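User: I would like to learn how to read a model of several chains, starting with confidence and ending with a single residue. Could you take me through it?

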Amino acid sequence: MDLAVIEKVVATLGAIVVFVFALIGLRGEWPKNGLDDIVTKLLLGLMAFGCLLVLLATAGLLPRGGA
Amino acid sequence: MAQRVVKPRTNLGPGFWPVTAFIIVVSAIMSYFTLTSPWPIGLIPAGEPAPATDALFRFLGAVGATIFNIVTIYTIYFGIVFAKPKNALPNAIGVQIHDAPVLEFWWTAIPTILIVVLAIYSTKIWLDIQNTQGDVLTVEAISYQYGYQFRYPRLAQPVSGEMHLPLNTPTTIHVTSRDVIHGFWIPEMRIKADMVPGLINTLRVTPTVPGRYPIICTEFCGVGHGSMKTTLVVQSQQDFSKWFAQQGGSQSSAGGGGGIPLSTGTVDAGKVLFGQKCSACHSTGPFSQKIVGPGLGQIFSDPAHPKLVNGSDPTTQNVANIVKNGFQGDIGTMPSAQMNAISNKDIANLVVYLASLSKK
Amino acid sequence: MSVSIAKQGYSLGHGHDEDAHEQVIYQETRDMRLLGFVLFLCSDVVLFSAFIFAYIYLRTTVAPSWPPIVGGHQLPRLDTAFAAVNSIVLFGSGVTMHYALENFKHANLRRYNVFMGFTILLGAMFLGGQGYEYAHAQIGGWSGNIFGASFFTLTGMHGFHVFAGVIYLLVLWYQTQRGVYTQERYFGLTAGTLYWHFVDVIWVGLFFLFYLW
Amino acid sequence: MATLAPGVKTGPYHAVLDHIHPEPTSFIRKYIFSIDHKVIGYQYMITGGLFFLIAGLLAELIRTQLLSPNGAIVSAATYNQIYSMHGSAMVWMVIIPLVTGGFGNFVMPLQIGARDVAFPWLNLAAFWMFPVAGVILFSSFLWGAPDAGWTEYPPVSLQGPPGTSMWCVAIFLIGISSTLTGINFIVTIYKMRAPGMTLTRMPLFVWGQFGTAGLSFIATTALAGALLALFLERTFGVPFYDPKHGGSPVLWQHMFWFYSHPAVYIMILPVFGIISEVLPTFSRKPVFGYKMIAFSTVAIALLGFSVWAHHMFTSGMVPWLQLPFMIITMVIAVPTGIKIFSWMATLWGGSIHWTTPMLFATGFLITFTCGGLTGFFLAAVPLDYHEHGTYFVVAHLHYVLYGGSVMGLFAGIYYWWPKMTGRMYNEVLGYWHFWLTFIAFNGTFMPMHWLGLLGMPRRVALYDPQFQFWNVFATISSYVLAGSVLIFLYNFATSFRSGKIAGPNPWGARTLEWMISSPPPYYNYKKIPAVLATPYDFGNPLPYIGLEAAAGAEEATPTAASHPVPTL
């Protein structure tokens, strides 16, 4: 119980930080157009999306059953 | 098109048009015989939906024969007339054309149209088959390594060996398997379904010709696969009823509840068994708490449902009958004890366990 | 993935400026290997997709309820809160990896080392977290039921990829210390970064499918 | 570096191509662990050829067993192992490695004017997985070979003998090999074409390899997943497929066919390429409708991914899903038809030189068309309800895979044999081989059509006595078929020793590989040529610049200068 709360707090803060830095990295990548850059953009974007999923989870919006 | 008009008529080579005419004639003859043949597949249509399938087969046969003639005969003809003559230069070359857009357009467009037609026609036949009437008689076909069993309504025990169907009776056959995937194929009815364990596939047939037809396993099922077949006996209503009576069928739904030692059941054994056999489809909550089937928690004491699903009173004997014979109704299909592979003793345990739930 | 063509003892051809030519060859070789590596990642995605399809198929068409009912009792859901922390650990490592590469490109070797160290550390932490998860997941084990089967097979495959990735990154780190890579030629690091991002992104999918769905 | 004529579109030109790696000297590095694409190609062909003989032997055992309705020679259990291994071996150990690894490795880099594939070491690794997988597969006989057919449907494959697990391992391995080859070829074709060789100037065989490579690197790992799951379930009881533990047998069918239907195109697209090389060469005519043939290759490859469930019409999937799969399956007939018609039009007005490869190519045209048409009968769901799982399917797939892939492979072997060995084969024996193959092939598999329609299920060790006549007929024909293969072996064995020297360009062909000596030198091309047009324009000068051709290679190709262009 107590542990779960700590976990949620840590996850939320971490998610925000990682999300921000992922976006910064993404912005740095944006102008480049090599194959590796394109793939990196895609993957970084998906990773940022992953952070959003974590936020949804910690906010209790997902899973819909609640966990 | 316009292009084609302005183009000077190219000589297509010696004997091109005669050969084309020959192809048309041959294809026409073959198509005629295919389209008019009574048994295009070589088997009598012994019932619905065979005629529909045969019609599609005739059509496809005609189209296929035509295309095959075009490709084969032209290929051979080109190969002969355009073969390098002996007296030609050792390395003589052919006409230097790269493509002919008009021609390519047509041999892309015509097949496309043909496929649209075929797809529509096949879909129509498919719908006919899906909508073949059934449900006047409903039979369960259960396969195992290596044989078939058939469960008829109002027959306590499944019938092993031959399958009997009354003439002109729209019949639904639910097929499933007890162990591995088997096939259920009645060639004379042009119909087949895989018998997949844990899955119930449905066929609908209406036998129209009395006789004995093979039922064949078409999915490899082990060493006995080659010999796994039985016979479908299509017979008149009277003969069917006679046979049905011999099988112990009666008009009342008494069923084979007898022989179940209800007194000897134990709650714990039933609880374990319920977890293994029933809990996938039934919760132990109230009727409304459905998973696949209804919840069985208050089956003996549910004010909302004073009767069992088959309309009988909630006595242990009637519950036992349902478990024994299975049940089929608007809420779904409950497999028989045969299919669940549970013994009379198991049934006793289950019933006692359910009774204990209702007491709480 | 393979040995660079430039490395296969090619003797240099028709009297060009050796260095410039060498660089051209490196570029072209690198492009090929990059394309090959990306294609490899694609087919790896398909491998995961096969099991993800299996999981979705079993869950939606076969299982009467989810989590499945075993022995009359419904299995519990997995612990989302812990998994969220673990996911953030992995995603964090992905971001640090990205910055490690960027810093290497700009020759900030000190920062590069810091970020690289964090990446590997976080990767290892994630593996530890997975171990903890395996020890505490109450879903009837690997071979108990379809939930356990899909969960442990998919996360196991992913865990194996992470493990391989950690080794891979350690090797790359060692190589950079040995000065294998320069600011002009660092394909190994690019590949390592792409691989690591790929592993993270696979986890995004798994996290959603197993914990949030 | 090759210089281009002014105003010529260039393909991707790579200085890498200018570079020559020294030929290894040690026997091991030269013949065993060589990274030379030609040597690896030979290795694939020899290994695949051996497996072809074994698989063919199994096929003859199958036919012999079916001489009698009660099984002539072996028990049902043994028979099941025999035909399962025949199918698995022919698909994964013979046809796929030969069309991609064999011909792809030997011919494709030559045709694009490269000195090797993009990743020679990867190529080497991919090859050596192949014999290992083969040994694992065939040695499974010692522990009881897989017995549930090449499709290994669970749950029956879960009951199968221990060899079934070895089957999983072997196919997994060959799958990895074919994935790596696919990646390798895509990069090679995309990045290493000679200057000026734009995509629309590639020889059509390269297009075939391109499509196949795309299919194999996407689809094959899906099969790897399915196999891994089956292996885990068999070994550790991890429930995926077994309904007794909550799994679903239909899941395997989806995962398996998601690979195994594209696999059909993996097996046929390179053969389409071979046919598209042989027909124009021996008609002395540009291939008809180059762009449409190339386009249809890509279309087939793409559509091939979205039709897998047409193998499962009877297995209880959602009924309405059957319609889209039926329709897409039928749509694939359009690009295929375009190819067939274009090939016929290539014959038209040609000056056809009837050599053995040409005979096999035209034979392919007829048998493959037949196979394609029976495919229509199976694609139409209502008919599939009747035909699924019967000998009709066996007939169809052999018309496509033997009458299609294998006959195309024979065409390719006869066509490139002089290039590979530098010697000619005996043309008369070649004719015998073709005619015996063509007649015996139809004699073997044509009766299976009506056997299936009349009610003979596939994969049976025993059958209804009423079918005996046609089974005996098929068996006898199959013996003749085997005999024709022996002629082929004898022909090439003698050609090795005493065949007359072929010279660089015995056929007067125009693709790049014929411009260099046979067998090609280690570097393939002393100088990388620049390419100005498609290779097939007989009557035009050769479209290559800066090519140091072998003596007599260019003279061998007919041009308008030396030969008048006929008009009809």
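User: What scores does the model have as a whole, and what is the mean pLDDT of chain B?

Analyst: Because this is a predicted model, confidence is the place to begin, and pLDDT gives the predictor's confidence in each residue on a scale from 0 to 100. The model as a whole scores ipTM 0.88 and pTM 0.87. For chain B the mean pLDDT is 84, with 91% of its residues at 70 or more. Over residues 251-258 of chain B, however, the pLDDT is below 50, although the model gives this stretch 13 contacts beyond near neighbours in sequence. Chain D averages 90, and 96% of its residues score at least 70, but its residues 1-9 fall below 50 while having 21 contacts beyond near neighbours in sequence.

User: How is the shape of chain B to be read: is it a compact globule or more spread out?

Analyst: Chain B, which contains nine helices and 13 strands, has a radius of gyration of 31 Å, well over the 21 Å that the globule rule gives for 360 residues, so it is more spread out than a compact globule. Its C-alpha trace spans about 100 × 45 × 40 Å along the principal axes, and 38% of the 360 residues count as buried. Among contacts in chain B between residues at least 6 apart in sequence, 67% join residues at least 24 apart.

User: Which two chains have the most contacts among the pairs that touch?

Analyst: Contacts are counted here from C-beta atoms within 7 Å of each other. Four pairs of chains touch, and the pair with the most contacts is chains B and D, where 75 residues of chain B meet 80 residues of chain D. On the side of chain B, α3 (50-81), α4 (101-130), β8 (191-195) and β10 (211-216) each supply at least two residues, and by class that side has 41 nonpolar, 26 polar and eight charged residues. The contact between chains C and B takes five residues from chain C and seven residues from chain B, with two nonpolar, three polar and no charged residues on the side of chain C. Chain A does not touch chain B, their nearest C-alpha atoms being 17 Å apart, nor does chain A touch chain D, for which the corresponding separation is 13 Å.

User: How many residues of helix α2 of chain C are buried?

Analyst: An α-helix has 3.6 residues a turn, so residues three or four places apart point the same way. In α2(C), 22 of the 26 residues are buried, and the helix is mostly covered. This helix, residues 80-105, reaches 37 Å from its first C-alpha to its last, close to the 38 Å expected at 1.5 Å a residue. Just after α2(C), C:A107 takes a positive phi of about 60°.

User: Finally, why does D:G48 count as buried?

Analyst: Burial is judged by counting neighbours, and 20 or more other C-beta atoms within 10 Å make a residue buried. D:G48, placed in helix α2 (residues 37-65) of chain D, counts as buried because it has 23 C-beta neighbours inside 10 Å. Leaving aside neighbours within four places in sequence, D:G48 is in contact with D:M93, D:V94, D:P97, D:L98 and D:G102.

Notes: Residues numbered from 1 in each chain as written. Chains lettered and ligands numbered in written order. Predicted model: local features only at pLDDT ≥ 70, side-chain atom pairs only at ≥ 80, totals over all residues. Helix = DSSP H or I, 4+ residues; strand = E, 2+ residues; numbered from the N terminus. Expected span 1.5 Å × (residues − 1). Buried ≥ 20, exposed ≤ 12 C-beta atoms within 10 Å, placed from the backbone. Nonpolar A, V, L, I, M, F, W, Y, C, P; charged D, E, K, R; others polar. Rg over C-alpha atoms; globule rule 2.2 N^0.38 Å.
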